[in-house]
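Visitor: I would like to question the labels on this model, one by one.
Guide: Go ahead. Ask what lies behind each term.

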Amino acid sequence: METNLVDILKGYVTPDVISKASTMLNESESGVYNGVSAVIPTLLSGLVHKSNDSSIMQSVMNLINDTSVHSGDVLSNLPSLLTGYGHTDALNSGSKLMALLFKNKQSDTTEVIARTSSIKESSAASLLGMAAPLILSYFAKSGMTLSSLKSLLSSQKENILSAAPSGLNLGIGTTID
């Protein structure tokens with residue numbers, strides 16, 4: 001059976017995480033679930049589309065390898081990322097990742113996620129803020145190198161792009177329909 005990176009990452013967002021996020025964001029659990037189902041492939045789509053830009057990918061690797069980002073075990077404490085308490089480094093790395101991937105299209109990206117998930121834009125932004133450090137931490141824990149990351153993204157490209165929300169503009173003239 002082929003590994004599906006989107007499903008692996010979504011697996012970290014357990015029903016308990018969905019429930020806590022729903023309460024924190026004042027959104028329905030189905031809206032949060034749909035939001036998570038959109039933000040993870042959105043971020044991965046950004047990585048896929050930037051995977052041939054060696055400067056950006058090196059910056060992504062620097063974020064992955066920054067041990068201060070992963071000191072609080074982000075993967076086991078995702079709801080706390082929604083409050084920001086105790087995870088300043090992880091949240092900053094997530095913001096940096098989104099800036100690298102989407103540049104000036106971050107608000108457009110948030111709007112697409114909110115619209116497709118039927119949640120508020122502020123909630124979509126919070127879920128992006130939770131998912132970015134999740135992805136960086138997963139890659140760090142997996143021991144990714146630049147080469148293995150690019151290889152993984154290449155092998156998962158079809159799965160990632162098919163899971164991304166329709167209408168996503170990746171900031172490089174490409175829109176996923």
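**Labels and their cut-offs**

Guide: Lys 20 counts as partly exposed, at 41% relative accessibility. Partly exposed lies between buried, under 20% relative accessible area, and exposed, over 50% (1.4 Å probe, protein chains only). This is a predicted model, where local features need pLDDT of at least 70, side-chain atom pairs count only at pLDDT 80 or more, and totals for chains, interfaces and linings use all residues. Residues are numbered from 1 along each chain as its sequence is written, and side-chain values use heavy atoms, with hydrogens and water left out.

Visitor: What makes the meeting of Asp 16 and Lys 20 a salt bridge?
Guide: The rule asks for a side-chain nitrogen of Lys or Arg within 4 Å of a carboxyl oxygen of Asp or Glu. Here the N to O distance is 3.2 Å, so the pair qualifies. Both residues lie in helix α2 (residues 15-25), 4 residues apart, about one turn of the helix. Helices are DSSP runs (H or I, at least four residues), as strands are (E, at least two), numbered from the N terminus.

Visitor: Why is Asp 16 called partly exposed?
Guide: Its relative accessibility is 43%. That falls between 20% and 50%, so the label holds.

Visitor: What makes Lys 120 and Glu 27 a salt bridge?
Guide: Their closest N and O atoms are 3.3 Å apart. The pair links distant parts of the chain, 93 residues apart. Lys 120 sits in the loop between α7 and α8, Glu 27 in the loop between α2 and α3.

Visitor: Why is Glu 27 called buried?
Guide: Its relative accessible area is 13%. The cut-off is under 20%, so Glu 27 is buried. Lys 120, at 38%, counts as partly exposed.

Visitor: Where does Thr 110 lie, and what is it in contact with beyond its neighbours within four places in sequence?
Guide: Thr 110 is in helix α7 (residues 106-117). Contact means heavy atoms within 4.5 Å. Thr 110 is in contact with Glu 121, Ala 124, Ala 125 and Leu 128, leaving aside those neighbours. At 11% relative accessible area, Thr 110 is buried.

Visitor: How do you know that α8 is mostly covered?
Guide: Of its 21 residues, 15 are buried. Helix α8 (residues 121-141) reaches 30 Å from first C-alpha to last, close to the 30 Å expected at 1.5 Å a residue. The expected span is 1.5 Å times one less than the number of residues.
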